[in-house]
Structures are given as structure tokens and as C-alpha cells.
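Subject: Structure handover

Hi there,

Here is the structure I promised to pass on.

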Amino acid sequence: MCAFGVYSSARAASGVAPIVTRAAQIAAAESFGVIVHERHVTLTAAAGPAHFSQSNDAIMLMNDATYTHIHYLRIEENGHVVGTTEMAKREAANNHDLAAGKVVFNQPFDQRYLADYQYTIIPCSCTGDEITVHFTSPIADAQHGSGDMHIDQATGHVLDVVYTPNVLPDHANSGLVTETFGQALPGLWTIVRIDRTYSGRVLFVGGHGTVTEVLDHFHHFTDAEAGEAYYRTAMLQ
């Protein structure tokens with residue numbers, strides 16, 4: 001049954017809709033410990049006659065729902081494989097940004113960031129037990145945004161999050177990100193795919209870009225040492 005705006009007038013004392021609080025609690029419980037997975041990225045961009053493409057494969061390390069490390073296995077740009085020295089430089093830069101809290105979106109269903117957002121339950125034409133939650137954030141950075149998320153009321157799982165970042169990449173004047181969730185492992189419901197689209201203009205030339213990320217081969221460890229040992233082994237492949 002589709003839910004309507006009942007939670008707008010029945011908010012928790014914190015100002016967060018109860019359905020969001022529940023989704024956040026479930027997400028935190030399921031992502032506890034160390035998660036290791038692969039990430040496969042495909043990027044295409046075009047502006048006038050200029051075209052650029054990149055694909056890369058990496059192994060990601062997450063500790064208690066926070067990404068702490070990335071290791072690139074392969075980077076290919078415009079059909080050419082990037083050398084190991086350059087790949088190592090990019091990996092180091094990415095890990096520096098991860099440590100600084102950049103790169104990764106601060107999810108509106110993450111317990112740590114609930115105070116960063118305002119939530120509104122909106123009428124929907126969805127089917128089953130889905131509920132639509134609109135969220136906005138006044139924080140002007142790329143790690144926050146505004147959009148909608150669909151939550152399954154029966155399970156408390158987030159089904160997808162569709163948003164526009166508050167700060168877009170350079171030269172982009174519009175953008176949309178769609179995060180799709182699924183069961184990565186028994187007891188682990190998480191993001192399995194991310195699709196990004198951007199459009200913009202440099203001088204008088206219009207352009208557009210798309211980025212697709214597929215996340216797979218998940219491994220979940222409640223023991224941190226075991227998880228990090230597995231990650232170090234996976235880096236050697």
C-alpha cells in the first residue's frame with residue numbers, strides 16, 4: 001500500500017521521519033564490520049568534436065559503512081592502458097580524498113548525517129510497500145544533495161536514491177545521480193549500481209557525460225583484522 005504524507009506531521013523529536021530513522025538503523029546494522037568489494041567504472045564524455053572515455057576496475061575497503069581505501073587493478077583511457085606509476089599516483093590521490101571525507105556521498109539514510117538533511121514524505125504512485133522520501137540539504141558541497149529515496153516499509157531497506165549534488169563537477173550545470181540497491185550478500189543490502197549523468201558548457205561548446213559504476217563480489221567480515229587481511233590479499237591479484 002502506498003503511503004502518503006502522514007509522517008510529515010508525525011515526525012520524531014529529532015525532526016527525522018520515523019521511516020528514515022528505521023532505514024538508517026537497519027543500514028548501520030547490516031554494514032557493521034569490514035566490507036570488501038570490487039568496483040567497475042565506465043565513463044564517457046563529449047564536448048563538440050572532443051570525446052573521452054575511461055574504464056577502470058578497483059577493489060574497495062569499507063569499515064563500518066565508511067570507505068577507507070581503494071586499490072586500482074586497471075585504468076584504461078581512450079583505449080590505452082594507464083601505466084602502473086600513473087595508476088599509483090591516482091590511487092594515492094583518491095585515498096587522500098577518502099581520508100579527508102571527500103568523494104563519497106553523505107547518504108540521507110546514514111545515521112551520521114541525518115541532521116544534515118530535511119525530510120518530507122510525499123504522495124506517490126508507487127506500488128507495494130514503497131514510500132517516497134524527499135530530502136534536501138543546505139550544505140554546499142559535493143557530498144550532499146537533494147532528491148528522493150524510495151524505502152520498502154516492510155523491510156526498511158532503501159531501494160534507490162536519486163539526487164542532484166549540491167556542488168556539481170567542473171563545467172557541469174546540471175546532473176543527476178541514481179543509486180540502485182540490492183542484496184549483495186545474505187544480510188547485506190547495499191548499493192550495487194550507480195548511474196551519473198551530467199551536462200554543461202565550456203565557452204560556447206555544450207557537452208555531456210555519463211558515469212556507470214557496478215559494485216560486485218562482496219565479502220563481509222565482522223572481524224576487522226580478517227577483513228583487512230582479505231583486502232591486502234585481494235590487492236595482490
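**What was found**

Asn-173 is exposed, with a relative accessible area of 56%; here exposed means over 50% relative accessible area, buried under 20% and partly exposed in between, using a 1.4 Å probe and protein chains only. Before going on, please note that this is a predicted model, where local features need pLDDT of at least 70, side-chain atom pairs count only at pLDDT 80 or more, and totals for chains, interfaces and linings use all residues. Residues are numbered from 1 along each chain as its sequence is written, and side-chain values use heavy atoms, with hydrogens and water left out.

Back to Asn-173, which sits in strand E9. Leaving aside residues up to four places away in sequence, Asn-173 touches Leu-168, Ser-199, Gly-200 and Arg-201, where a contact means heavy atoms within 4.5 Å. Thr-155 is 18 residues from Asn-173 along the chain, and 37 Å separates their C-alpha atoms.

**The chain as a whole**

The protein chain has three helices and eleven strands. Both kinds of element are DSSP runs numbered from the N terminus: helices are H or I with at least four residues, strands are E with at least two. Along the sequence the pattern reads α-β-β-β-β-α-β-β-β-β-β-β-β-α.

How does the radius of gyration of the protein chain compare with that of a compact globule? For 237 residues such a globule would be near 18 Å, and the chain has 19 Å, which agrees. The radius is taken over C-alpha atoms, and the globule rule is 2.2 Å times the number of residues to the power 0.38. Along the principal axes, the C-alpha atoms fill a box of roughly 55 × 55 × 30 Å. Of the 237 residues, 38% count as buried. Among contacts with a separation of 6 or more, 50% come from residues 24 or more positions apart.

**Aromatic pairs**

A search of the whole structure gives five aromatic pairs. Rings of Phe, Tyr and Trp (its six-membered ring) pair if their centres lie within 6.5 Å, and planes under 30 degrees apart count as stacked, over 60 as edge-to-face and the rest as tilted.

- Phe-105 and Tyr-163 are stacked, because their ring centres are 3.8 Å apart and their planes lie at 10 degrees. This pair links distant parts of the chain, 58 residues apart: Phe-105 is in the loop between helix H2 (84-99) and strand E5 (118-122), and Tyr-163 is in strand E8 (residues 158-165). Phe-105 counts as buried at 8% relative accessibility, and Tyr-163 is buried at 3%.
- Phe-109 and Phe-181 have ring centres 5.5 Å apart and planes at 75 degrees, so this pair is edge-to-face. Phe-109 lies in the loop between H2 and E5 and Phe-181 in strand E9 (residues 172-185), so the pair ties together parts 72 residues apart in sequence. Both Phe-109 and Phe-181 are buried.
- Tyr-117, Tyr-119 and Phe-135 form one aromatic cluster.

**Cavity and pocket**

On a 1 Å grid over the protein atoms alone, a cavity is a set of points where a 1.4 Å probe fits but cannot get out, while a pocket is an open set with protein on both sides within 12 Å along at least five of seven lines; lining residues have an atom within 4 Å of a point. Points are joined across faces, edges and corners, and a volume is the space filled by probe spheres set on them.

There is one cavity of 30 Å³ or more, and the largest cavity holds about 70 Å³. Phe-109 and Phe-181 are among the residues that line the largest cavity, as are Trp-189 and Glu-30. Helix H1 (18-30) gives the largest share of this lining, four residues.

The second largest pocket has about 410 Å³ of space. Its lining has 24 residues, with Ala-45, Asp-170, His-171, His-208 and Gly-209 nearest the centre. Strand E11 provides the largest share, seven residues.

**Backbone**

Ala-65 has a positive phi of about 70 degrees although it is not a glycine. Val-103, also not a glycine, has a positive phi of about 80 degrees and lies in the loop between H2 and E5.

Best wishes
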